[in-house]
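Trainee: I have the entry open and would like to go through it with you. Where shall we begin?

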Amino acid sequence: MSEHARTEWFSHDRFGMFVHFGPYSVAARHEWVKNYEELTDEQYAPYVEHFDPDLFDARRIARTAREAGARYVVLTTKHHDGFCLWATAQGDYSSQTTIGRDLVREFADAVRAEGLRVGFYHSLLDWHHPDYTIDRHHPQRNAADVAELNATRTWSRYRDYLHAQVRELLTEYGDVDYLFFDFTEPAVENGLPGKTPDEWGATELLALCRELQPDMIVNDRLGIPADLVTPEQYQPLRPLEQDGEPVLWEACQTVNGSWGYHRDNLDAKSPDLLVGMLVDSVAKGGNLLLNVGPTGRGEIAPTDEALFAAIGEWMRLHSGSIYGAGPSTHTPPPQAVYTQRGDRLFVHVLSWPFGHLHLPGLAGRIRFARLLNDGSEILVREIPADQEANTMTQAGPPPGTATLSLPVQRPDVVIPVIELTLGDAR
């Protein structure tokens, strides 16, 4: 399959939901709690013992994603703590063993039932496996006997385990649309290195993905080129390129700075900021993968559900500016962001002006203009560039400017959008 055919849906759909869930949700202090607090397996065990997500309803999570306007959902099959959310045959450190539930199967079935695409996250790191060597990210990196502990570990056994689990996920759960590996970082810190692509057998893993799921896209975090790059917790300044060519990319973002459930983190982003990040991503040729971390009992927290509902209400009226849209070659005014789909140019007005919005270079190009929220017409005119300002008349804008006449009242939506139907220049 060609790269374009494999990634076409991704470039069109633009918006996905990320779901981080596991025993760390019981700790409720960030998904890296085992690392941050340098917990041993024994100290981490109570979270596994009490991981019994009786309120985990994959159908409700999938429905929340669909109603928010997301077109694909990505679940953590295994995070860095090594705990598996499926019925793996490679060991007993799994939800199937502890609670008798294959949460990955529940998830995949529910997501497909909602008409969405299925994504799996899979950590390359594993802080529980007995043969995973202690590196710069391992919770026991500061133990006094790291060298002695590593001497008893056989890395090839862990690599075989990793490959076997990826094979399970790609053969036992139907069609998988997206595999999000996490992560490769070989740099040395405090005398301990991270892991390299060769240590994972990255080339062989990617080949396995292509063999078992040829239509599936794979991210870049094996440490070798694949289908897309994944900037995390920041918005790129401009469209991403490699060697001067645009690349497929996805901004991985959280609602509050934590991927797993973090009870005391109240730093939730506002709906206008989150919608603005989605628009910003599309305007730069990227996607937004927005994360939610279900509680220790498995449901989306009310504050997070409300955020996704607010995004969904905006998407209900404005998804035309997102799905199938991308960057525009036209230059927006300072208070607006453009996305474009064919002859439709979408003006996302971040700061509502009084009376007029001046669009450079679009004079004579606009066949029709309307607000997307209610479909109402926006009048367009061209003010002569040489018009002088006086008591009741504004000065003309630069030549080639189209001027929109706006209502005084800003539309009551998170971000107002004006759809322009473009024609050839006069």
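Trainee: Which residues touch the most other members of the largest nonpolar core?
Mentor: Phe15, Met17, Phe120 and Trp200 do, in a core of 90 residues. A nonpolar core here is a set of buried Ala, Val, Leu, Ile, Met, Phe, Trp, Tyr and Cys residues joined through side-chain atoms within 4.5 Å. Buried means under 20% relative accessible area, exposed over 50%, and partly exposed in between, with a 1.4 Å probe and protein chains only. A second, separate core has 19 residues, including Val347, Ala369, Ile378 and Leu420.

Trainee: What should I keep in mind about the model itself?
Mentor: It is a predicted model: local features need pLDDT of at least 70 and side-chain atom pairs count only at pLDDT 80 or more, while totals for chains, interfaces and linings use all residues. Residues are numbered from 1 along each chain as its sequence is written, and side-chain values use heavy atoms, with hydrogens and water left out.

Trainee: Now arginine 136: buried or exposed?
Mentor: Arginine 136 is buried, because its relative accessibility is 15%. Its place is the loop between strand 3 (117-123) and helix 8 (146-151); helices (H or I, at least four residues) and strands (E, at least two) are DSSP runs, numbered from the N terminus.

Trainee: And what is arginine 136 in contact with, leaving aside neighbours within four places in sequence?
Mentor: Arg141, Glu185, Ala187, Glu189, Leu192, Pro193 and Gly194, where contact means heavy atoms within 4.5 Å.

Trainee: Changing topic, where is the cis peptide bond?
Mentor: The bond from aspartate 182 to phenylalanine 183 is cis, with omega near -10°. Phenylalanine 183 lies in the loop between strand 4 (178-182) and strand 5 (188-189).

Trainee: What is the phi of asparagine 190?
Mentor: Phi is near 50° there, a positive value in a residue other than glycine. Asparagine 190 sits in the loop between strand 5 and strand 6 (192-193) and is exposed, with a relative accessible area of 72%.

Trainee: Last topic: how do helix 9 and helix 11 cross?
Mentor: The axes of helix 9 (residues 155-171) and helix 11 (residues 202-212) come within 10 Å and cross at roughly 15°. Axes are lines fitted to C-alpha atoms, for helices over the stretch in contact, and angles run from 0 to 180 degrees between N-to-C directions. The two helices are therefore roughly parallel to each other; angles under 35 degrees count as roughly parallel, over 145 as roughly antiparallel, 65 to 115 as roughly perpendicular and the rest as oblique.
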